[in-house]
Amino acid sequence: MTRADCGRDLTQTQVQNPLALGLLHNGQKQTILGLRSNHVKLYHLVQVPMVLKEVYSMSQLEVQAEGVTRAGPEIVWPLVADANTYCHWGPWDDGGYRPPAAGPSRQSSIQWFRYGRRTTSVEEIVEVEEPRRVVYKVVSGLPVKNYRAEITLTPTSSGGTSIRWVATWDKTFMGKLVRRKLRQIFPEIVTCLIAAADNQEASNDLS
């Protein structure tokens, strides 16, 4: 499997309305599962009201990204609750469960994701509250201590979903280096998730 490409071949018209138009690949129209990585910033500026936040404390580091999709939680939840789907809509190159299993995630499930050639994060699911919340911790693969992350989905008054993805870990030298990278990755993850959910919502409307 390869990393989900978040929109590199989109025309300007498709950036303005990627949901209805899809994209052309080898002369054929295809749906947009996400935006290609070098197109994420442009899609974010045009389509996605997403915010990167950082919280500083004496003992821990925190990075979080937030955004809103037009899709309801019933569409977003299957994307965040199944590790097998992550490499299809997000910036990861591969991923799934150990041992291999079908989703959705359950408490104590072990999931893994490969980013680039050398980084593979192994994570344990700590809490699952369908269809609104997933909590996980890093078991290995990242040089961090006490890494805990939470994905929260909140319905909006317009029928969409507010997405909040936040992680905290101990303030160590290596932890600070990891924060530099996660400041880039978290907005990319949320942007791709919103694009995938919006696209699925549009596909449902057309069917």
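Modeller: Start with the space itself. The largest pocket holds about 380 Å³. A pocket here is found on a 1 Å grid over the protein atoms alone: an open set of points with protein on both sides within 12 Å along at least five of seven lines, probed at 1.4 Å, and lining residues have an atom within 4 Å of a point. Grid points are joined across faces, edges and corners, and the volume is the space filled by probe spheres set on them. This is a predicted model, where local features need pLDDT of at least 70 and side-chain atom pairs count only at pLDDT 80 or more, while totals for chains, interfaces and linings use all residues. Residues are numbered from 1 along each chain as its sequence is written, and side-chain values use heavy atoms, with hydrogens and water left out.

Now the lining. It has 21 residues, and Thr119, Ser121, Leu142, Leu182 and Ile185 lie nearest the centre of the pocket. By class, 15 are nonpolar, four polar and two charged. Here Ala, Val, Leu, Ile, Met, Phe, Trp, Tyr, Cys and Pro count as nonpolar, Asp, Glu, Lys and Arg as charged, and the others, Gly among them, as polar. Helix 6 gives the largest share of the lining, seven residues. Strand 6 (110–115), strand 7 (119–129) and helix 6 each supply at least two. Helices (H or I, at least four residues) and strands (E, at least two) are DSSP runs, numbered from the N terminus.

Stay with helix 6. It spans residues 173–206 and includes leucine 177. Leucine 177 counts as partly exposed because its relative accessibility is 34%. Buried means under 20% relative accessible area, exposed over 50%, and partly exposed in between, with a 1.4 Å probe and protein chains only. Further along helix 6 is aspartate 198. Aspartate 198 is buried, at 3% relative accessibility.

Next, the loop between strand 5 (94–97) and strand 6. Proline 99 is found there, and the peptide bond to it from arginine 98 is cis, with omega near -10°. A cis bond joins glycine 103 to proline 104, with omega about 5°. Serine 108 is in this loop too. Its phi is positive, about 80°, although serine 108 is not a glycine.

Finally, the charged pairs. Side chains of opposite charge can pair when their charged atoms come close. The whole structure has eight salt bridges. Each is a side-chain nitrogen of Lys or Arg within 4 Å of a carboxyl oxygen of Asp or Glu. Lysine 137 pairs with glutamate 124, with the closest N and O atoms 3.9 Å apart. That pair links strand 8 to strand 7, across 13 residues. Arginine 132 bridges to glutamate 129 at 2.9 Å between the closest N and O atoms. Glutamate 150 and arginine 133 form another bridge, also with 2.9 Å between the closest N and O atoms. Glutamate 150 is in strand 9 and arginine 133 in strand 8, so this bridge ties together parts 17 residues apart in sequence. Arginine 133 is buried, at 12% relative accessible area, while glutamate 150 is partly exposed at 22%. A network of salt bridges links Glu127, Glu129, Arg132, Arg133, Arg148 and Glu150.
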